[in-house]
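Dear colleague,

I am handing over the structure below, together with a short account of what was found in it. Please read the account with the structure open beside you.

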Amino acid sequence: MKIQCPTGVHHSIEEAKACQHCIEFLTRPILHSLLEKTPRTKTEHERPRYGVGTVTGLCLRQAYYKMTEEEILDLEKLWVFSRGHALHEFVSKSLPKHEKEVFVQKEFSHFDIIGFIDALHNNVIYEFKTTANIPATPQSHHMLQAQGYFSLLDEKIQKEIEKIKIVYLSLSKIKAYEVQQRDITHFMEGRAAILTQSLKVKTPPKREVSWLCKYCEFNDMCFNRDKTLD
Ligand code: SF4
């Protein structure tokens, strides 16, 4: 992962920590705190494994780029991610360890799909989403993500689940929505198969154009570098 300095230069974590422009932008204590947790070492696995968020996201092409291109975070995005992470920890800190970040996994013939449920408490699945503005209805890909976690549970535990809730957290408000319990295993399997094939032939999947394109960090790559691929 690289950090994009306000000057446009791409730094390693250590370079960013010492960069005067980055320090000036975030101040030294904040910059160093945010950079403390950032390096995520990717563990190699024998088979492809995809997160629930990857296969239920709005665009598989974006997921492909995230897996094949180096991640570059500008300082504002670094702040947004770190703030979201801190808020997740804060709202689940009263729960016992086995009820938060609950690991779920399902094996398919050529890949695995995995996930971490934010909280699983009293037979309710909770998915926390930090946001600037609370939506009037839950977003479709957030619903799919929460249903995706439900789908990966063992059948016995799935039967015990009473509710799935998406909880939106903004700096001033909290709003919880209940989501229908639905097994979307086949949907996720189909999406994961497309991604597996794309990675195998080193060609991005089809574009899935939506409102997300405007904010997508790979927009230029998608519509210019790879413009001949639909
Ligand atoms: S620009 Fe749009 S279609 Fe292209 S990868 Fe990003 S989200 Fe997908």
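Which residues of the largest nonpolar core touch the most other members? The model is a predicted one, and in it this core has 31 residues, of which Ile113, Ile125, Ala146, Tyr149 and Ala192 touch the most other members. At least two core residues come from each of the following elements: helices H4 (52-56), H5 (60-68), H7 (140-152) and H9 (185-201), and strands E6 (112-121), E7 (124-130) and E8 (163-169). The most is given by H7, which supplies 6 residues.

Ala146 deserves a separate word. Leaving aside residues up to four places away in sequence, Ala146 touches Ile125, Glu127, Ile164, Ile166 and Val179.

I turn next to a pair of helices. Two packed helices are described by the angle between their axes and the distance between those axes. For H5 and H9, the axes come within 10 Å and cross at roughly 50 degrees. H5 is therefore oblique to H9. The crossing of these two helices, H5 and H9, is right-handed. On the H5 side, the residues that meet H9 are Leu60, Ala63, Tyr64 and Met67; on the H9 side, their counterparts are Arg191, Ile194, Leu195, Ser198 and Leu199. Sorted by class, the residues in the contact of H5 with H9 are 7 nonpolar, 1 polar and 1 charged.

Most residues other than glycine have a negative phi. Asn122, however, has a positive phi, near 50 degrees, although Asn122 is not glycine. This residue, Asn122, sits in the loop between E6 and E7. Is Asn122 buried or exposed? Asn122 counts as exposed because it has 9 C-beta neighbours inside 10 Å.

Lys202 is the second case: its phi is positive as well, near 55 degrees, in a residue other than glycine. Where is Lys202 found? Lys202 lies in the loop between H9 and helix H10 (219-225). With 8 other C-beta atoms within 10 Å, Lys202 is exposed.

With kind regards

Conventions:
Residues numbered from 1 in each chain as written. Predicted model: local features only at pLDDT ≥ 70, side-chain atom pairs only at ≥ 80, totals over all residues. Core = buried A, V, L, I, M, F, W, Y, C linked by C-beta atoms within 7 Å. Buried ≥ 20, exposed ≤ 12 C-beta atoms within 10 Å, placed from the backbone. Helix = DSSP H or I, 4+ residues; strand = E, 2+ residues; numbered from the N terminus. Contact = placed C-beta atoms within 7 Å. Axes fitted to C-alpha atoms, helices over the stretch in contact; angles between N-to-C directions. Parallel < 35°, antiparallel > 145°, perpendicular 65-115°, else oblique. Left-handed = near helix turned anticlockwise from the far one by under 90°. Nonpolar A, V, L, I, M, F, W, Y, C, P; charged D, E, K, R; others polar.
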